[in-house]
Amino acid sequence: MPGQQGDRTGDPFGGRRPTSHERSTGLPWDASYLDGPAPWDAGSPQPAVVRVAAEGGFTGSVLDAGCGTGENALHIAALGLPVLGFDVAETALETARQKAADRGIDAEFITADALDLGGIGRKFDTVLDCGLFHTFDAEERDPYIASLAAVTDPGATLHVLCFSDEGPDLGPHPVGLEELNTAFTPTSGWSIAAIVPDRIETRFHDHGAPAWLATIDRV
C-alpha cells in the first residue's frame with residue numbers, strides 16, 4: 001500500500017498530487033508507518049499471495065505495486081524470481097530494504113508513483129497489486145491501470161487482491177465485482193481471467209477481511 005515521507009521542500013507529498021485517500025485524511029501514506037506497523041501490515045506475506053506463488057502464478061520479472069514493508073515481494077524473491085517493489089512510503093521502503101539485507105534475499109525496492117510508472121523504464125512479466133487498487137477512487141483507477149499497462153507487454157499477468165464489499169467485517173474502501181469488471185477491460189489493455197473470493201490479513205481483523213483475488217491478463 002502506498003505512502004510518502006515528503007521531500008526537502010517540506011512538501012509531505014514529494015511534489016506529486018495526493019491520492020484521494022491522502023486528501024480525505026490530510027496525511028501522506030508514510031504517516032501510517034511512523035508509529036509502528038501500519039494497520040494493513042500483517043508482518044508476513046498474505047496467504048493468498050503465498051498460495052498463488054505455490055501454484056506458479058508468478059513468473060519472469062515481478063513488480064510488486066505498493067509493496068509496503070516488502071513481505072510479499074520478499075516471499076516471491078526468495079523463490080528465485082527477480083522482484084521490484086515500489087511504494088511512495090519511504091519509511092516502509094527503508095524497512096523492506098533492511099528486511100532483504102537481514103534475510104539475505106535479493107529484492108529491489110524503489111520510490112515510485114503508481115499513477116506514473118513510465119519512468120521506471122522497465123517491463124514486467126507478472127504484477128502483484130495487494131491492497132493498492134482499492135485505495136484509489138474512480139477518477140484514479142483509469143490512470144493507474146494505464147500506468148500498469150505502460151510497464152507490461154501483452155501476455156503479462158496481474159494479480160489483484162483487494163477488499164471485497166461482500167460479507168461481514170469489511171475492510172476500508174471495499175470494492176464490488178462490477179467495479180473490477182468495469183476497470184479492467186480490453187480497451188484498457190486488460191482482460192479478467194478469474195475473480196474468486198479470498199481474505200486479506202490485517203492487524204484489525206481476527207481472521208482477515210473479505211477480499212477478491214483477481215487474475216488479469218495483459219492483452
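This is a short talk about one predicted protein chain, its overall build and a few of its side-chain contacts.

Hi everyone, a word on ground rules. The model is predicted, so local features need pLDDT of at least 70 and side-chain atom pairs count only at pLDDT 80 or more, while totals for chains, interfaces and linings use all residues. Residues are numbered from 1 along each chain as its sequence is written, and side-chain values use heavy atoms, with hydrogens and water left out.

Let's begin with the whole chain. There are six helices and seven strands in the protein chain; these are DSSP runs numbered from the N terminus, with helices being H or I of at least four residues and strands being E of at least two. Reading from the N terminus, the order is α-α-β-α-β-α-β-β-α-β-α-β-β. The C-alpha trace spans about 45 × 40 × 35 Å along its principal axes. A compact globule of 219 residues would have a radius of gyration near 17 Å, and the 16 Å of the protein chain agrees with that. For that comparison, the radius is taken over C-alpha atoms, and the globule rule is 2.2 Å times the number of residues to the power 0.38.

Now the surface. The accessible surface of the protein chain is about 9,400 Å², and 51% of this belongs to carbon and sulfur atoms; the areas come from the Shrake-Rupley method with a 1.4 Å probe, and for residues only the protein chains shown count as cover. Of the 219 residues, 51% count as buried, where buried means under 20% relative accessible area, exposed means over 50%, and partly exposed is in between. As for contacts (heavy atoms within 4.5 Å), take those between residues at least 6 apart in sequence: 68% of them join residues at least 24 apart.

On to the rings. How many aromatic pairs does the rule give? The count is four. Rings of Phe, Tyr and Trp, the last by its six-membered ring, pair if their centres lie within 6.5 Å; planes under 30 degrees apart are stacked, over 60 edge-to-face, and the rest tilted. Phe133 and Phe184 make a tilted pair, at 5.5 Å centre to centre with 40° between the planes. Phe133 sits in the loop between strand S4 (124-130) and helix H5 (138-150), and Phe184 in the loop between helix H6 (177-183) and strand S6 (190-200), so this pair ties together parts 51 residues apart in sequence. Both Phe133 and Phe184 are buried. Phe136 and Tyr144 have ring centres 5.0 Å apart and planes at 50°, so they are tilted as well. Phe136 is buried at 4% relative accessible area, and Tyr144 is buried at 0%. Elsewhere, Trp29, Tyr33 and Trp40 are linked into a cluster by ring pairs.

One charge deserves a mention too. The charged end of Arg218 sits over the ring of Trp190, 5.7 Å from the ring centre. The test here is NZ of Lys or CZ of Arg within 6 Å of the ring centre and within 35 degrees of the ring normal.

What about the cysteines? The count of disulfides is zero, a disulfide being a pair of cysteine sulfur atoms within 2.5 Å. For Cys67, the nearest cysteine sulfur is that of Cys130, 11 Å away. The sulfur of Cys130 has its closest cysteine sulfur in Cys162, at 9.8 Å, which is too far for a bond. Cys67 is buried at 8% relative accessibility, and Cys130 is buried at 10%.

Finally, some individual residues. Val83 belongs to strand S2 (residues 83-87) and is buried, with a relative accessible area of 6%. Leaving aside neighbours within four places in sequence, Val83 contacts Val62, Ala73, Ile76, Ala77, Ala107 and Glu108. Its C-alpha is 6.1 Å from that of Ser61, although Val83 and Ser61 are 22 residues apart in sequence.

Where does Asp169 lie? Asp169 is in the loop between strand S5 (152-163) and H6, and its phi is near 55°, a positive value in a residue other than glycine. His173 lies in the loop between S5 and H6, also has phi near 55°, and is partly exposed at 33% relative accessibility.

Leaving aside neighbours within four places in sequence, Pro37 is in contact with Ser32 and Arg203.

Conventions:
Buried means under 20% relative accessible area, exposed over 50%, partly exposed in between (1.4 Å probe, protein chains only).
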